[in-house]
Amino acid sequence: MTDEVKYDAADQTSVIEGQEGLPPTAADGMGCHAGAGEMEAAARAAGQSEILDQYAKDYPQGPHDKPQSMCPAFGSLRVGLRMRRVATVLSGSACCVYGLSFVSHFYGARRSVGYVPFNSETLVTGKLFEDIRDSVHELADPDRYDAIVVTNLCVPTASGVPLRLLPDEINGVRIIGIDVPGFGVPTHAEAKDILAGAMLNYARAEIEAGPVPAPEGGASDRPTVTLLGEMFPADPMMIGAMLAPMGLAAGPVVPCREWRELYSALDCGAVAAIHPFYTSAMREFTAAGRPIVGSAPVGEDGTAAWLAGIGDAFGVSADQVAAAQNAFLPAIKGALSETRIDGTITLSGYEGSELIVARLLIESGANIPYVGTACAKTPYSEADRDWLEARGTKVKFRASLEDDCAAMEAIKPDLAIGTTPVVQKGKELRIPSLYFTNLISARPLMGPAGAGSLAQVVNAAIANKDRMEAMNEFFEGVGTDDTAGVWEGAPNLRPDFRAQHQKKLDKQARAAKAAEMI
């Protein structure tokens, strides 16, 4: 691999090894306003087909273009910002970088986000790549950083900016280059997997090359289970307690919080795919010879099955598995019986934990006719899907906002749990609604601690039905139809304009109908 880029001064075409003959940039004249199809075509013309094909395989999309969630790059950005001694650099349109920086600090980032700006000239001539390379050389201080993550957003990806040509390390600081285009990665949840997988791949190569530093707290004296997927901080501790009777321990949570944890994560005896969409990370664990167990220890049924699955993966005796089950299942059953939920709930989100949350709610007494997740179906989500469908729940993978809202409007639940626009729509319909990410994901879900964690907030929200009705009556007619927006006086209604426009629409509809008959 080389980090050199040569230029033909005559036509300003960048000549990168293996990419001779490409145009200056396949996205020349195209900004982030271009459609997903145009951006993807440009990226493929710029030699990015291999990356996009891998993303299409790892994160298959549904029948629609893509689920509606925030920019996917926020997921990988957040993973990098939460790691100690890791610097993050973005390469993309200034408006995108501004938005991502704002959201990252809104969610508590405590460090700066690096940015390599560009213009049409630096993009076309290949100078942007040189600027990125200069920036990582400038940042690569081993006293401050273990790694630097460089992320291409839409335009640099479409233009073929080759982050793979960056050095693997500078002054002992690891360099990780990833592409996270909005037209190739469906959700921000799956972008977390892109960076987690890239880091695991790098760490696995380091392990294969020779000895690596031990964990700061020392290696575990028991075989460990690596936990895959972000979760509430108390959940890994609860999982560790449930594993102890089998002679096992909870390992690191991936995405990790520091580089050394990657070595410990790969040194596990098995991987628990708590969030089953981490396809890239699971590929690295499979390459390392680590078995993967799906689902999670949620509720009574889920915990019993999960402990049995972990026991099988480690070859633990049936008596030890039974000891772990007997130690915790009665407490889970008791917590579920004491904190019941009485109501119909529709559930949707883009975190990847929607199915296990639905399982917990059903065991708490709730009726869940619909679960929508923006993530794709994987082999490790099958057990949860089968369990839910056996209880009459429709599970929709790659669910769109339209899917989630249509289910809510048709079912008319006592409570809608979903993303921000679903919650907004629910409240407009006088349906009590809760935001999944902040109010559901931010609670323990595993074992006895998770068994009763959701009932209080869910029951309180369901009890707000009368308040929703009163608010609707108070604000009846405000901010809807002709009164939407801000007005100093009465809206200037023009029914004649409206009737004239409707005639045009009717004429177009008749013409379209006639064309179908030809």
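**A look around the model**

Modeller: Bear in mind that this is a predicted model. On its surface, Met471, Phe474, Phe475 and Val478 make a nonpolar patch of about 460 Å².

Colleague: Where does Val478 lie, then?

Modeller: Val478 lies in the loop that runs between α21 (465-474) and α22 (495-517).

Colleague: And is Val478 buried or exposed?

Modeller: Val478 counts as exposed because its relative accessible area is 56%, and the cut-off for that word is over 50%.

Colleague: Changing topic, which residues does Thr88 touch?

Modeller: Thr88, which is found in strand β3 (residues 86-91), touches Leu77, Gly80, Leu81, Val113, Gly114 and Val149, leaving aside residues up to four places away in sequence. With a relative accessibility of 6%, Thr88 counts as buried.

Colleague: What about helices α9 and α12, how do their axes cross?

Modeller: The axes of α9 (residues 234-243) and α12 (residues 299-314) come within 11 Å of each other and cross at roughly 65°, and the crossing is right-handed. On the α9 side the contact is made by Ile239, Met242 and Leu243, while α12 brings Thr303, Trp306, Leu307 and Ile310.

Colleague: Last one: how far apart are Gly426 and Asp312 in space?

Modeller: They are 43 Å apart, C-alpha to C-alpha, and 114 residues apart in sequence. Gly426 itself is found in helix α17 (residues 420-428), and at 0% relative accessibility Gly426 counts as buried.

Colleague: Which residues does Gly426 touch?

Modeller: Not counting residues up to four places away in sequence, Gly426 touches Met408, Ile431 and Ser433.

Key:
Residues numbered from 1 in each chain as written. Predicted model: local features only at pLDDT ≥ 70, side-chain atom pairs only at ≥ 80, totals over all residues. Heavy atoms only, no water. Patch = residues over 30% accessible without salt bridge, like charges linked within 9 Å, V, L, I, M, F, W, Y side chains within 5 Å. Areas by Shrake-Rupley, 256 points an atom, 1.4 Å probe, with all protein chains shown as cover. Salt bridge = Lys/Arg side-chain N within 4 Å of Asp/Glu carboxyl O. Helix = DSSP H or I, 4+ residues; strand = E, 2+ residues; numbered from the N terminus. Buried < 20%, exposed > 50% of the residue type's maximum accessible area, 1.4 Å probe, protein only. Contact = heavy atoms within 4.5 Å. Axes fitted to C-alpha atoms, helices over the stretch in contact; angles between N-to-C directions. Left-handed = near helix turned anticlockwise from the far one by under 90°.
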